Amino acid sequence: MHPMNNEVKSYLRYLKLQRSMSPNTIEAYGRDIDKLMNYMEAEGLNLMTVELADLQHFAATLHDLGVGPRSQCRILSGVRSFFHFLQIDGYRDDDPTELLESPQLGSHLPEVLTTEEVDRLEASIDLSKPEGHRNRAIIEVLFSCGLRVSELTTLRLSNLYLEEQYLRVMGKGSKERLVPISPRAIQELQFWFDDRCRLDIKPGEEDYVFLNRRGSHLTRVMILIMIKRQAEEAGIEKTISPHTLRHSFATALLEGGADLRVIQALLGHERIGTTEIYTHIDMTRLRQEVLQHHPRNMKRK
């Protein structure tokens, strides 16, 4: 990694203290800025005098290196954020990224699972294994509550209010929200707690809901691997991840008639625009139903 100068250090500190970003997000921004700094060093450019044309060339270089459009957009978004910070903090008088364009992306709808597919996923779990009930509880909580995987890994016993049937979740930007939990998810948690009490839990890990065999809380990667393996066991051919269950939660609510603002609050989205992608998923499904079942679209037998 490129040696970090004072401007970059100040920027990452700004993301942490003023933007309240998570360590993972800050690390991602840092990697993107590192790509820019490496490019500028190779081209003999200075952070305080670099111009729009230089940054456009940097963007073209990303394309030449085989970086995909979505990753290019993310990197350039980080670069814009960095130069905006340099301007508002007085390092530069201007922001050379104001006219810096990102590649156009086609609309991408996330993969979702039906309730039947979630049931298949859970039914494929071998409950005779020590982690069986834990994995069932993880899948059910993700699907029933729409949590991000980072919210699941940091979920604590002290934030469970099972008698009242809700959870307190720490979301992005350290924002708390209350999320209802279904009786089915509560039942799966209680099965897991019967197994959990027999673990040798490490000091400092006692309050985490989900633990591995060694008594430490789970990581996002562990959950990702488990869900992908389980999808294979269940014969589900879709490419899924823990986030797929969050998308499936939101889509099921919308199809059931829930208001978009309610879904926004449950997901912890700051902007309604982020939630609106689920209306596109819903319309896509409606169109498929019309094409399949309306007599004007059905082929004559």
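Predicted model: local features only at pLDDT ≥ 70, side-chain atom pairs only at ≥ 80, totals over all residues.
View 1. In an α-helix, residues three or four places apart point the same way, because each turn takes 3.6 residues. At the start of H11, aspartate 259 places a side-chain oxygen within 2.8 Å of the backbone nitrogen of arginine 261.

**View 2. The second largest pocket.** The volume of the second largest pocket is about 440 Å³. Its lining is formed by 20 residues, and those nearest its centre are Glu131, Arg134, Asn135, Met226 and Arg229. Two or more lining residues come from each of helix H6 (132-145) and helix H9 (220-233). H9 supplies the largest share of the lining, with seven residues. Sorted by class, the lining of this pocket holds eight charged, seven nonpolar and five polar residues.

**View 3. Glutamate 131 in the pocket lining.** Glutamate 131 is among the lining residues that lie nearest the centre of the second largest pocket. This residue belongs to the loop between helix H5 (115-123) and H6. Glutamate 131 counts as buried because its relative accessible area is 18%, which is under the 20% limit. The side chain of glutamate 131 is joined to that of arginine 213 by a polar contact of 3.0 Å.

**View 4. Serine 182 and cysteine 145.** Serine 182 is found in the loop between strand E3 (176-180) and helix H8 (183-196). With a relative accessibility of 21%, serine 182 counts as partly exposed. Along the chain, serine 182 and cysteine 145 are 37 residues apart, and their C-alpha atoms are separated by 7.8 Å. Cysteine 145 counts as buried, its relative accessibility being 0%.

View 5. A disulfide is a covalent bond that links the sulfur atoms of two cysteines. With a disulfide taken as a pair of cysteine sulfur atoms within 2.5 Å, the count for this model is zero.

**View 6. Serine 20, a residue with positive phi.** Serine 20 is not a glycine, yet its phi is positive, near 55 degrees. Serine 20 sits in the loop between helix H1 (6-17) and helix H2 (23-43). The relative accessibility of serine 20 is 30%, and the residue therefore counts as partly exposed.

**View 7. Glutamine 165 between two strands.** The loop between strand E1 (160-161) and strand E2 (166-170) contains glutamine 165. Although glutamine 165 is not a glycine, its phi is positive, at about 65 degrees. Glutamine 165 has a relative accessible area of 37%, so this residue is partly exposed.

Technical notes
Residues numbered from 1 in each chain as written. Heavy atoms only, no water. Polar contact = N/O pair within 3.5 Å; in protein donor to acceptor, adjacent residues only side chain to side chain. Helix = DSSP H or I, 4+ residues; strand = E, 2+ residues; numbered from the N terminus. Buried < 20%, exposed > 50% of the residue type's maximum accessible area, 1.4 Å probe, protein only. 1 Å grid on protein atoms, 1.4 Å probe; cavity = no way out; pocket = protein on both sides within 12 Å on 5 of 7 lines; lining within 4 Å. Points joined across faces, edges and corners; volume = space filled by probe spheres on them. Nonpolar A, V, L, I, M, F, W, Y, C, P; charged D, E, K, R; others polar.
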